[in-house]
Amino acid sequence: MKFDVESVRKQFPALERKINGYPAAYLDCPGGTQVPQRVVDKVVEYLIWHNCNIHGAFATSIETDAIILDGRKAYADVFGCSWEEVSFGANATTLNFNLAHAIARDLKPGDEIVITDMDHEGNRGPWEILEERGIIIKDVKLDLEKCIIDMEDYKSKLNSKTKVAAFNYGSNGVGTVSDVKEMTRLAKEVGAITVVDAVNYALHGPIDVKDIDCDFLFCSAYKFFGPHVGILYGKKDVMESLKTIKVKEQEDWAPLKFETGTLNHEGIYGAAESVEFIASIGEKYEEHFTDKLEGLKGRRRKVIAGMLAIEAYEKPITEYLIDELCKIPGVKVYGPPRGYQRTSTISFTMSNKSPREAAEYLGEKGIFVWDGDFFASKTVFVLGLKESGGLIRIGLAPYNTKEEVDRALEAIRELAAM
Ligand SMILES: Cc1ncc(COP(=O)(O)O)c(C=O)c1O
C-alpha cells in the first residue's frame, strides 16, 4: 500500500507553521493531534448557524438535537456498537470519574477494583479515589524488561471480590498495546465490570467493542483530529443498570444518563467530522484490507479501513525510528520488543540530557516532542524514571513523514554527541 501522505498533509493548516525558520514537525501526537480544515469548518459552521441548546421547538435547537444524534452514530461506527451506547463528555477523564462514581454506588467496603501500572492517571485516579469508601484497589505489575502487563500478576489479582477491572488498550507512556480481549475475558470469569481506556490506541488501530466484549471503553476526539470531547461506549444493559451521577431532571436512559449539563455541541459536530475524515482515508485504501473488512458495511467499513491504513503507514516509520534511536550512544528506548503489538508512541531517555533539555533542543528546531510522564505517572515511576524527569516521547500521526522523523533523529544525534 502506497500511502499518499501529501494528500493528508494538505488538509492540515497547522502544518504550515514555522518555528525559527523551520517547518513545524508535530511529533507530539499522543498528547493530541492537529485538526484538518474540514473539522475546523464544522466547528465554525455550528457556532455561526446552529448554535443553540437542545430539545427546543425551533430550527437551531432541532438541528442541534440532530447533530448530537449524528455524533453518536459516527462513534457507534468507530466502536462497532449502537448509537444508544455512545455518551459524550468534557474529556475521557471526566467521563471515567462519572462512571466510577456510578459503579461505586453499588459497591461496599472490601470490594476490590483492579487497575494497572500501565494506566494513565485518567484510568487510575477515578478508581483510586474510591479507597475513601473502603474499596480495595489492586495494582497489576508490569514486566519491566518488556514494558508489557504481567498477565500472571493480573490473573492473581482477580477473584470473586473483584467488581471492576480497568485497563489500558494502548499505553501513552511506552506505546504498548495490551491484549484487552483476553483481559476482559479473564475479568468476566470473576464477574467484574470491565473498563478499557482506548485514548492512546484510538486512531492507530481498529476498535471492535463487541469482539472485546468489554462493558465500557472510552476515548478522546482530540487524539484523532477532533476537538476536545470525550466519548464513552457502554454496553446498553450495563449502562441502564447503573445509577449515574446526574441532576434529577436529566433523562434517566442510556446514553443520556451519563451526560451532565450542556454538552460541547460544536465539539461534537467537529468530532463527528473527524470520523468522516478517517473514513475518507479508508475509502481510498479499502481494497488493501478486504480480508479484514469482511462483513463490514457503510461508514463503519470505511472507518476501520482508515484505521488499518493509518496503522499500516505508521508501522514501518515507527520501527525505523526505534531502530535508529537504538543506534545512538546513550539513548535507551522503553517499550515492547519487536513483534509485540504497539502504537506509534515511542519513548526514550538520553544519558547526557534530561527529557526537558532534549525536548527544548528539538523544540528550538521546530520539532515538537513531549517530555515528562504525560500522566502515565505510575509507568514512569516503576521504570525508575520519575526523579530524572521521565521520558522523551515521540508520537506519529498519518500527517507525519519519514523526513520529519529523520530531522528528529539528526537533532537527537547532535544532542547525544554534545
Ligand atoms: C492513555 C490515556 N488515557 C487517558 C487520557 C486522558 O484523556 P483526557 O485528556 O480526554 O481526559 C489520556 C490523555 O493523554 C491518555 O493518553
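Buried means under 20% relative accessible area, exposed means over 50%, and partly exposed lies in between, with a 1.4 Å probe and protein chains only. At 32% relative accessibility, V40 therefore counts as partly exposed.

This is a predicted model, in which local features need pLDDT of at least 70 and side-chain atom pairs count only at pLDDT 80 or more, while totals for chains, interfaces and linings use all residues. Residues are numbered from 1 along each chain as its sequence is written, and side-chain values use heavy atoms, with hydrogens and water left out.

## A surface patch

V40 is found in helix α2, residues 37-50. Helices (H or I, at least four residues) and strands (E, at least two) are DSSP runs, numbered from the N terminus. V40, V44, I48 and W49 form a nonpolar patch on the surface, and together they have about 400 Å² of accessible area. Patches are made of residues with over 30% relative accessible area and no salt bridge; like charges are joined within 9 Å, and nonpolar side chains (Val, Leu, Ile, Met, Phe, Trp, Tyr) within 5 Å. The areas come from the Shrake-Rupley method with a 1.4 Å probe, and for residues only the protein chains shown count as cover.

## Aromatic rings

Rings of Phe, Tyr and Trp (its six-membered ring) pair if their centres lie within 6.5 Å; planes under 30 degrees apart count as stacked, over 60 as edge-to-face and the rest as tilted. The structure holds 15 aromatic pairs. In one of them, the ring centres of F3 and Y285 are 5.3 Å apart and the planes are at 25°, so the pair is stacked. F3 lies in the segment before α1 (5-9) and Y285 in helix α10 (residues 265-285), so this pair ties together parts that are 282 residues apart in sequence. Both F3 and Y285 are buried.

The rings of Y169 and Y201 are also a stacked pair, because their centres are 3.8 Å apart and their planes are at 5°. This pair links distant parts of the chain, 32 residues apart: Y169 is in the loop between β9 (162-168) and α7 (180-189), and Y201 is in the loop between β10 (193-197) and α8 (209-212). Y169 is buried, with a relative accessible area of 9%, and Y201 is buried at 4%. Elsewhere, ring pairs link Y75, F79, F88, F224 and Y233 into a cluster.

Charges can also be placed relative to rings. A charge sits over a ring if NZ of Lys or CZ of Arg is within 6 Å of the ring centre and within 35 degrees of the ring normal. K332 lies over the face of Y334, at 4.7 Å from the ring centre. K402 lies over the face of Y320, at 4.4 Å from the ring centre.

## Salt bridges

Side chains of opposite charge can pair when their charged atoms come close. A salt bridge is a side-chain nitrogen of Lys or Arg within 4 Å of a carboxyl oxygen of Asp or Glu. A search of the whole structure finds 40 salt bridges. The table lists some of them.

| R124 | E128 | 3.2 Å |

E414 is partly exposed, at 32% relative accessibility. Salt bridges that share partners join D117, E121, R124, E128, D139 and K378 into one network.

K236 and E240 are four residues apart in helix α9 (residues 236-241), so about one helical turn separates them. K236 is partly exposed, with a relative accessible area of 29%, and E240 is partly exposed at 33%.

## Cysteines

A disulfide is a pair of cysteine sulfur atoms within 2.5 Å. By this rule the count comes to zero disulfides. For C29, the nearest cysteine sulfur is that of C219, 13 Å away. C29 is buried, with a relative accessible area of 2%. For C147, the nearest cysteine sulfur is that of C326, 12 Å away. C147 is buried, with a relative accessible area of 3%.
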